[in-house]
2 protein chains.
Amino acid sequence: MAYNVVPLNELVSQFERLPGIGHKTAQRLAFHILSQPPERAEKFADALRNARQKVHYCSCCQSLTDQELCPICSDAARDRTTICVVEDPRDVFAIERTREYHGLYHVLHGAISPLDGIGPDQLRIKELMARLASGEVKELIMAMNPTVEGEATSSYLARLIKPMNLKVTRLAYGIPVGGDLEYADEVTLSRALEGRSEI
Amino acid sequence: MAYNVVPLNELVSQFERLPGIGHKTAQRLAFHILSQPPERAEKFADALRNARQKVHYCSCCQSLTDQELCPICSDAARDRTTICVVEDPRDVFAIERTREYHGLYHVLHGAISPLDGIGPDQLRIKELMARLASGEVKELIMAMNPTVEGEATSSYLARLIKPMNLKVTRLAYGIPVGGDLEYADEVTLSRALEGRSEI
């Protein structure tokens, strides 16, 4: 194309690298940035830099934080006898939004997936075992994604932890609230049947 | 929410301000940035800053450039007797992609819209008139959006320019190529009928 504005193209290609952003959207976002006051672009640039530099893993639960300990690990009001094990920091945010869980978390940063070369050693399992060693924890809730990899990780951890005489639970399978029975897949429905409870 | 990581929230809210990006997508993009090497975030931040600082309006056609003149205005091979008038720099990119147009452009940066308080004085019409004064230009192509505002701007400019003895044309209305007659609206179809040509 004859019309080549290098700094603009560079910005478009940076937006394009984000997941789910195609070329057209990237262009639209770049033009939006140009149409805004320069301070806005500066603030955006600072936010990018700051987030990447300051946010790191919590030294205890491996979730994200800009402090030594994340706000949950450092919150004295949380129930320290329960740890909810999740694959990703995003899952911590999702569970926190329920406002129903008051224990601690542990983020594995992935799930066992031999095809992708991810074994137990690539996950933050060592750190979890270290936390269990203190003896304070009574229950572990497995909140892995309902996928083959998530299941494999749950069973691996359950086998590893059972001998330590801890309660190991996992999230209930069933039909999602607000969903439509007609559209539920067979596996979900049969799990919902299995897990039925008295009214 | 108890789980509050300030630099992360700041990045999420910056993404959220972009057009068409909701909270969930903003969160996904922010987590993506955190999962990338720090150099990537630095490059993104630099691209934002650079684009906003270096890209400005071409002193001739008012399109975007990081030089004094945009690549089209400074290209000696372009036909200087034709100017295509558009609302937005994005339209220049769109027309350039056809590779069919070899004249110059003029970007108005908007269209006349009394309801939004945009009159002729808020658009780059003065700059267009100055370019026409040189007498080099023979034809003006109105390529405004097919909206009420675009139409109003076209007619306003046509009235203004007609006395100067220039050819003023506008883009053809008709059914979009690859479209479906069945789904074309009445106005488009009647315009396509009006503008029918012999095969």
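1. Polar contacts between the chains. Across the interface of chain B and chain A there are 13 residue pairs in polar contact, both residues at pLDDT 80 or more. A polar contact is a pair of N or O atoms within 3.5 Å; within protein, one must be able to donate a hydrogen and the other to accept it, and residues adjacent in sequence count only if both atoms are side-chain atoms. Helix 1 (6-16), helix 2 (23-35), helix 3 (38-54), strand 2 (64-65) and helix 4 (89-98) of chain B each give two or more residues to the side that touches chain A. Helix 3 of chain B gives the most, with 16 residues. Helices (H or I, at least four residues) and strands (E, at least two) are DSSP runs, numbered from the N terminus.

2. Basis. This is a predicted model: local features need pLDDT of at least 70, side-chain atom pairs count only at pLDDT 80 or more, and totals for chains, interfaces and linings use all residues. Residues are numbered from 1 along each chain as its sequence is written, chains are lettered from A and ligands numbered from 1 in the order written, and side-chain values use heavy atoms, leaving out hydrogens and water.

3. Salt bridges. The rule finds four across the interface of chain B and chain A. It asks for a side-chain nitrogen of Lys or Arg within 4 Å of a carboxyl oxygen of Asp or Glu. Asp46(B) and Arg49(A) form a salt bridge at 2.6 Å, N to O.

4. Sheet. Chain B has an open sheet of four strands, order 4-3-5-6, with parallel pairing. Strand 4 (103-107) and strand 6 (167-170) of chain B stand at the edges, each with a single partner strand, so one side of each lacks a neighbour in the sheet. Strands pair if DSSP finds at least two bridges between them.
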